[in-house]
Amino acid sequence: MNNPVVIIGAGLSGLRTASLLTARGIKCIVIEARDRIGGRVLSISDTKKPGLGRFDLGPTWFWPQYESTIANLVKELDLGTFVQYTQGAVLLERSQNKRPERYSLLENPSARSIRFIGGVQTLIDAIAETIPKELIKLNTKVTAIRQDEADITVEAALADGKRKKFTADAVILALPPRIVASHIEFSPPLPPNLMNDLVNKPTWMAGQAKAVAIYERPFWRELGLSGFVSSWLGPLQEIHDASPETGSGALFGFFGIPATIRQELGEDNISQLVIDQLERLFGPEAQNVSTILYKDWAKDSDTAVEEDLEPLRDFPSYGQLPEAGIWEKKIIFAGTEANSQFGGHLEGALLAAEQAADEITNIK
């Protein structure tokens, strides 16, 4: 077996798999359709005021008390973290005709959420540093995977319209299952029960959108508020303090508006609705926003398919995939949806990477 392992997807799971294989002396390459690494991890700044910090438009937290894999990796990579700000009262918005209700909650130290200094992208960048840069191929969208008696051929379309082929001993699919099912042609075809399972596995976060409102300082803390809000009115149904460890302030929220309505409204209208809601909740100072960062994952064709437009309300229970038939030991699934215990979490993506790397190691 002299060909490399081809890893499709340069998100957390794909990059971690590549890092593990590289450390074990196993040849691999990582193919990514986007022009960046990270997948559903996306940490960006206000382009006009980058000094205010970097903010997560994808996953934000991990829980080291429950998630030992990511906790150990963060320690190994020596990454800076801090505890999610939760001091102060929470707000509950239930009626348009009533002011938001204010409650004080007892803190539970054992359930604290942990954030990365500089955003989750710092984890992505640190893992990427362990992989030779030439092994990561961006702007390369896989369209087909073909198997013959000797090899596996991975076909891809490049950003300039050209096409490229990669020969592999095995392929790791570090992608959402529905993206695999809808975007990649397999020859011979995948077994019907496996294809059906892929189509019916919801993509975590694919139907959701996230907004971050950035401020010069976290002024709500001066009002004795934690920044946490639960709203029945929206457009944001759940809001949290997204401020960096020091300096500027930020609030982020998840939308209760369905993807189809978000897309009809458009980003400008959505942003204004967010500002209006924040003013309603936190007072006039909420109008003094530096910028609104917005990411609608349902519009991201490398994340979502039509079946994902309805946002998930809870973490799905991702079961084991059926056997792959003729593709057994030739294709291996990674990504957070490939982990049955922590599906939807960063922890799940890392555990799936470890399992994929171990399977390849055993084959080799």
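**Helix contact, sheet and backbone**

Analyst: Leu 12, Leu 15, Arg 16 and Ser 19 in helix 1 meet Leu 123, Ile 124 and Ile 127 in helix 3; contact means heavy atoms within 4.5 Å. The residues of this contact comprise five nonpolar, one polar and one charged. Ala, Val, Leu, Ile, Met, Phe, Trp, Tyr, Cys and Pro count as nonpolar, Asp, Glu, Lys and Arg as charged, and the others, Gly among them, as polar. The model is predicted: local features need pLDDT of at least 70, side-chain atom pairs count only at pLDDT 80 or more, and totals for chains, interfaces and linings use all residues. Residues are numbered from 1 along each chain as its sequence is written, and side-chain values use heavy atoms, with hydrogens and water left out.

User: What makes helix 1 roughly parallel to helix 3?

Analyst: The axes of helix 1 (residues 12-23) and helix 3 (residues 121-128) come within 9 Å and cross at roughly 25°. Angles under 35 degrees count as roughly parallel, over 145 as roughly antiparallel, 65 to 115 as roughly perpendicular and the rest as oblique. Helix 1 is therefore roughly parallel to helix 3. Axes are lines fitted to C-alpha atoms, for helices over the stretch in contact, and angles run from 0 to 180 degrees between N-to-C directions. Helices (H or I, at least four residues) and strands (E, at least two) are DSSP runs, numbered from the N terminus.

User: Why does Lys 329 count as exposed, and why does Asn 139 count as partly exposed?

Analyst: Buried means under 20% relative accessible area, exposed over 50%, partly exposed in between (1.4 Å probe, protein chains only). Lys 329 has 58% relative accessibility and therefore counts as exposed. Asn 139, at 33%, therefore counts as partly exposed. Lys 329 is in the loop between strand 19 (291-296) and strand 20 (331-333), and Asn 139 in the loop between strand 9 (136-137) and strand 10 (140-147). Neither is a glycine, yet phi is positive: about 70° for Lys 329 and near 50° for Asn 139.

User: How do you know that strand 11 and strand 12 pair, and in which direction do they run?

Analyst: Two strands pair if DSSP finds at least two bridges between them. Six bridges join strand 11 (residues 152-158) to strand 12, and the two run antiparallel. Val 154 has Phe 166 in strand 12 as its bridge partner. These strands belong to an open sheet of four strands in the order 12-11-10-14, with mixed pairing.

User: What makes strand 12 and strand 14 the edge strands?

Analyst: Strand 12 (163-168) and strand 14 (185-187) each pair on one side only.
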